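Keep the coordinates open as you read.

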Amino acid sequence: MIVSHAWLRSFAPHDKAAHAIGELLNDHTVTLDGLESLRNDIAHIVVGLVVEQAPHPDSDHLSITKVDDGSGTLLDVVCGAPNVTAGVKYPFARTGSTMPDGLKIEKRKIRGQTSNGMLCSSRELKLSGDHDGILALTTDAAPGTPILQVLGEVGDSQLNLDVLPNRPDLLSHRGMAREVSALLGVPLASGDLSAASRDTVAATPVTHGATHATTDGVTVHIDDTTSCPRYLALVIRGVTVGPSPDWLRERLESAGSRSINNVVDATNYILLGLGQPVHAFDLSRLADQTIVVRKTRDGETLVTLDGAERTIAAGTTVICDAARPVALAGVMGGRDSEVTDATTDLLLEVACFEPRFVRHVRRVMGLSTDASYRYERGVDAAAMPDAALQCAALITQVAGGTVTARLDVGTPADPRGSVKLRPSRVTKLLGDPVPVDEIVHILRALGCAVDVISDDQLQVTPPSWRQDLLIEVDVIEEIVRMRGFDMVSDELRAFRPGTVRDHPMHLTELRVRELLVGRGLYETRPMPFTKNSTSGMRLQNPLADDEPFLRASILDTLARRAEYNLNRMEGDVRLFEVGHVFLPSDGRLPREEVHVAAMLLGKRRPAHFTEPDPPVFDAWDAKSLAIDLARAAFPDASIALVPADAPLLWRVTAHGRVVGVVQRVVMDKPVWAADAFGVELDLGVMPSVDVAPAGTHAHLAVTGTPPHVPHVLYRPIPAMPAAGFDLALVLPAEVRAADVEVVLRRESGELLELLQVFDEYRGEHLPEGKRSVGWRLQFRHPERTLRDKELEGRRGKLVSALQRELGVTVRG
Amino acid sequence: MTTLAEFLTRADAIARDGTALIRAAVTRDALDHARVGLLGRKQGQLTSLMAMLGSLPAEDRRAAGAAVNATKQTLELTLTSAEAALAPAPDASRPDDLTMPGRDAWKGAVHPVSLVIDEISGIFRELGFTIALGPEAETEWYNFGALNFPPDHPAMEAHDTLYLSDDTLLRTHTSPVQVRTLQSHTPPIRILCPGNVYRRDFFDATHAPSFMQIEGLCIDEGVSFVDLKATLSEFVRRFYSDAARVRLRPSFFPFVEPGAEMDVEVDLNDGKGTRWVEILGCGMVHPNVLDAAGIDSEKYSGWAFGMGPARIAMSRHKLPDIRLLYDSDVRFLEQFAQ
């Protein structure tokens, strides 16, 4: 909402500067988004100090001066003003600047003397009509300071105020003035209108009707009373449409609106001044001089004021004449019945439309106007008659004509109900005691009627325009904001610890994040949208048609992020994310799981002069990362990686349950890029079923058990030396390392301490299809040194078991 | 002619005096001088003694040779240890050029938005808050209805919503977690809810369709606006500085009343001096919200706040474009490596 400071002052005469009013409203009412002087046309005029002054050699009234404009160079300036004096500061227009009247200041010669700029008078700056020479400034400001910072309040200012949906009463200058009045304690004024023209209009009799009224040959009929409870129509005959007077044009422009003609400007004055939308119809263009408010019929169209022909959506309320629609109710009028230069007779519409119907029209027709914006939020229905009166009076004042009829169809708004307010509750909720007298004073200043029923019971009846004050807490909010939040004590008070424990998933997330950062991966937070339809979860209104689905896999997201990096020639991409994925479910909401995914691509280590070309990540890096990640995620589970069919490499199991996968990540990548390997684990479900039905509490026992992290159990540090041997085994093609390991462990017995693969070899000197794998075995007895003979015996047992069971031989 | 006894006495003397001589040498020169004096090929004392070996009777030569060897060994050992003490021998594991770079491992990084969330959470943990989480896909009731959004109200315009179906959606704020917690736990409740939220905002330099939010909720008997102001002011002092000034401005969110926004006065070091910057929205929890969750709004009261860690990350790291936080460009992420 753009508010003109001068217009605001016409409703609440105060002596504060615009910035002070802006701060006052910002502190107590509504956020100030900006403040702009309407005199930006003199923003470039600066303070100039006349350092020297001498008479012009070729003139008896001109002076030659040297002016300091803060630029560091003294400028020669010729001045014609009799009052120019050395040592005095004046407004100074530099060369290249433009004066408010459009005069461009340029370097020029005046009677043979060069002049670089101009010292200015009040009139030249349009500050006043006086022209007693140039304007002497009494200021300490340095030369070069913009004049607007020195002159104090010059002209009008626009306050840009962010009115939120709960305060539609602030969507007008009078509404904002009410707040200023309440905050400063200044009485409200009636604005620009003369009382006389208003009284003349008020003398015209009113014709009432519940749904229908006719007078002066004009008929108003409400068919759709649900969306239009009340419709006031005023008939003005004999107007002369033409330009608005200067004061009216300036008012509208000061509030960011544009002058059109005197009649339309008058309606906009009421809209921006009082907050009531008014529409003026050319009465002669309304068939049978009739207004009908009804629901639209199939296929009806209307050419609206903006010139667009629109098919009116079903369910929309329209204003019609006897034959066809002439306006979209509460949104925009039609072009055929608009006021033109030829118009002489008017029908003014001052109506009340239900917010939700206007909102519907605005949405389905995709058309938002100043009127619809206010109707959607709620217009003060009790103020309609006054707004109608003021609008008609203003039109007769600026466009002539006579009000010949006033029609009032429908039902006036119900008077506001009252709210019970307990001063004890005010104190309890605000935390500081507030005296009852102060409560009463604040509420009355805001226009509430307050009856003191008892010591702890006030009956508060809000004014008609405060539709947001419905229950006790609404009124309490008024008290704290009017007193000011600065008044609230800044005092930390005792509290009880809560019953909610940390969500276990949060603790898991922290553990996996720490692990992955420690392993050199970067955490990412990309968007969860994808073109991949695996989840089956399609958005109804996606942001981008090529990514309408929610993801079912984080590796899918990371693959796209890796492509992004590869496109930028970055080949070392180690990324991870902890985030949500979405899967089909039987319920209303998708099954939501929290996953962690990590991806390895590129060099295993940074290059070093000892290793200029480090190896790239391979499946074995992913395997070890997956095991460590699963251990961090499921600290009390036994973790295993089970070989899986392509395209997977392994499935990750925790306590035998599949919790994730390890795979090569498929993506579009340039030839120079290495293969990418990924791990994705399901950390658990994020339940989305309703906790309890609306309005009820589940009364659950305390939930949220953190994952069990088993304590380490001490194993005695060995006192006896270890002993062992290596086995270089030749494996037939079908024998897997795990098969060999089973036999080795079984036959080695419990003294086996370490079993490690240290080498794999294929090729020359080996039969086709076979490979050699080297195992290192280490044994230890807790109480004595193992003898060579024992080890040899064990070796013999192992070798014969391997030969017998797997056809594995010792490499010769 | 020398006797064996004389020979052995002489060897002993060389060993004893030589050892003392070597031990007394504190410079390399002195040590070299000692070595030459004792073992030198021409005039070394032991060399001279060895030359006399041939003049001993044949049966004594073996014992004399052994004595010479023992003496030689003693002197050499003493010399070696004395040399080591003077300047340790060059070590193969010691690089010649110590200015060459060390061998790096890859360094990981926590996302800048997570860093902000961690810091905020850390402060509120000090003030007794715990972490609550919830789903990102929600019903309209948890996202709007339970939070006192009237159906079809302009307040919902600010929450341009991504819908999954007519009554399910991607949450537009983390407030549904507040409702879920209110329904499942009995006050006192002091929770923080960090999480992803979604708005139908197109990507540009300052807007993203999905972003992190962190909300807090405090409910108990007798909780007042003073607690709200004091706790959030204390948070600001711990997060920014003890000198940081804050102010509250009236605002509107359907789920709180009174509602406010908190500004903090900050210097962004851009040469424009200090200014007020909005950091969070807050207010007393609306009684309709408590009632919707089955909590007696006469008995219990409380306050809530919400803030956007991405905005703070952008401001503190001077990020010109919010998309940097989503693109996952490694050249950006590596700047936050630890």
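Predicted model: local features only at pLDDT ≥ 70, side-chain atom pairs only at ≥ 80, totals over all residues.

Residues are numbered from 1 along each chain as its sequence is written, chains are lettered from A and ligands numbered from 1 in the order in which they are written, and side-chain values use heavy atoms, with hydrogens and water left out.

Let's begin with the charges. Over all chains there are 72 salt bridges, each one a side-chain nitrogen of Lys or Arg within 4 Å of a carboxyl oxygen of Asp or Glu. One of them pairs R174(A) with D386(A), whose closest N and O atoms are 3.3 Å apart. Because R174(A) sits in helix α3 (residues 173–184) of chain A and D386(A) in helix α9 (residues 384–399) of chain A, this pair ties together parts that are 212 residues apart in sequence. Helices here are DSSP runs of H or I with at least four residues, and strands are runs of E with at least two, numbered from the N terminus. R174(A) is buried at 16% relative accessibility; buried means under 20% relative accessible area, exposed over 50%, and partly exposed in between, using a 1.4 Å probe and protein chains only.

Now look at R230(A) and D408(A), where the closest N and O atoms of the salt bridge are 2.8 Å apart. R230(A) belongs to strand β14 (residues 230–237) of chain A and D408(A) to strand β23 (residues 402–410) of chain A, so the bridge joins parts 178 residues apart in sequence. R230(A) is buried at 9%, and D408(A) is buried at 8%.

In the salt bridge between D726(A) and R776(A), the closest N and O atoms are 2.9 Å apart. Here D726(A) is partly exposed at 35%, as is R776(A) at 34%. Shared partners also link R167(A), D169(A), E179(A), R466(A), D468(A), E478(A) and R481(A) into one salt-bridge network.

How many disulfides are there over all chains? The count is zero, a disulfide being a pair of cysteine sulfur atoms within 2.5 Å. Take C320(A): its closest cysteine sulfur, in C228(A), is 12 Å away, so a bond is out of reach. C320(A) is buried at 1%.

Finally, visit T78(B) in helix α4 (residues 58–86) of chain B. T78(B) is buried at 10% relative accessibility. Leaving aside residues up to four places away in sequence, T78(B) touches T19(B), I22(B) and R23(B), where contact means heavy atoms within 4.5 Å.
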